[in-house]
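These are my notebook entries on a set of look-ups in one structure. I record here what I checked, in the order in which I checked it.

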Amino acid sequence: MTRTLLRTTSTSTTLRLLALMFACVTLSGCAGLLFSGAATGAAVAHDTRTAGTVIEDQAIELKATELIWKDPELNNQSHISTTSYNQIVLITGQTPTEALRQRAQSKIASVAKVRHIHNELIVAAPSSLTTRSGDTVLTAKVKTKMFALKDIDGTRVKVVTENGVVYLMGLLSAPDADLAANAASTVSGVQKVVKLFENSNS
């Protein structure tokens with residue numbers, strides 16, 4: 001999603017597009033057009049969230065990103081990422097002051113359907129492109145580790161990495177959450193694992 005698209009597309013239009021995309025995914029003939037790789041398709045098929053919640057999470061992320069971009073100070077001085085899972089939002093990245101950290105949270109809290117926010121922004125200069133590239137690689141390694149687990153469905157674990165810290169989200173039982181966190185902690189390069197799971201009561 002490009003910055004231009006986020007600025008010019010209304011929330012209602014975005015929701016309609018996301019709904020259309022999700023509906024298309026459920027039809028075997030359309031799946032190949034929207035997803036590349038069996039792992040991505042499996043993640044959608046095994047998602048414990050409802051179809052409506054998946055769409056809402058995507059809309060929350062788009063709207064949150066748009067709000068940050070529309071704030072000149074936040075946009076120009078910070079590196080902020082937002083991830084929504086089951087309408088719970090994780091904010092990661094760096095911003096230069098505590099005031100901006102709180103402003104970012106306040107803006108994202110105003111987004112419709114957000115149930116809770118985990119504000120993991122740190123007060124610091126924005127991370128380098130090299131660090132962000134390393135985080136992307138680390139996320140891929142942790143996801144691969146999740147997929148290899150035999151006792152839990154790793155596709156149900158959302159992985160977010162920021163400056164070597166791995167955040168895990170999803171709907172899992174307490175034992176499965178511990179298993180996933182322990183597995184992630186064994187991946188080379190992981191500095192810390194933070195569990196942000198919701199208990200699935202399974």
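**Entry 1: helix H9**

I looked up what covers the buried residues of H9, and found that the cover includes helix H8 (129–148), strand E6 (165–169), strand E7 (171–172) and strand E8 (192–195). Contact here means heavy atoms within 4.5 Å. Helices (H or I, at least four residues) and strands (E, at least two) are DSSP runs, numbered from the N terminus.

I note that this is a predicted model, in which local features need pLDDT of at least 70, side-chain atom pairs count only at pLDDT 80 or more, and totals for chains, interfaces and linings use all residues. Residues are numbered from 1 along each chain as its sequence is written, and side-chain values use heavy atoms, with hydrogens and water left out.

I then listed the buried residues of H9 as Ala177, Ala180, Ala181, Ala183 and Ala184. They cover an arc of only 160 degrees around the axis, which puts them on the same side of H9. Buried means under 20% relative accessible area, exposed over 50%, and partly exposed in between (1.4 Å probe, protein chains only). The arc is that of the directions from the helix axis to the C-beta atoms.

**Entry 2: helix H8**

I checked the length of H8: its 20 residues should span 28 Å at 1.5 Å a residue, and its end C-alpha atoms are 29 Å apart, which agrees. The expected span is 1.5 Å times one less than the number of residues. I found Asp135, Leu138, Thr139, Val142 and Met146 to be the buried residues of H8. Their arc around the axis is only 110 degrees, which puts them on the same side of H8. These buried residues pack against strand E5 (158–162), E6 and H9. On the face turned away from the buried side, I recorded the exposed residues Leu129, Thr130, Thr136, Thr144 and Ala148.

I looked up strand E1 (residues 79–85) and found 6 of its 7 residues buried. E1 runs antiparallel to strand E2 (residues 88–95), and 7 bridges join them; two strands pair if DSSP finds at least two bridges between them. The bridge partner of Ile80 in E2 is Gly93. E1 and E2 form a hairpin with 2 residues between them. In the turn, Asn86 has a positive phi of about 55 degrees, although Asn86 is not a glycine. Asn86 counts as buried, at 15% relative accessibility.
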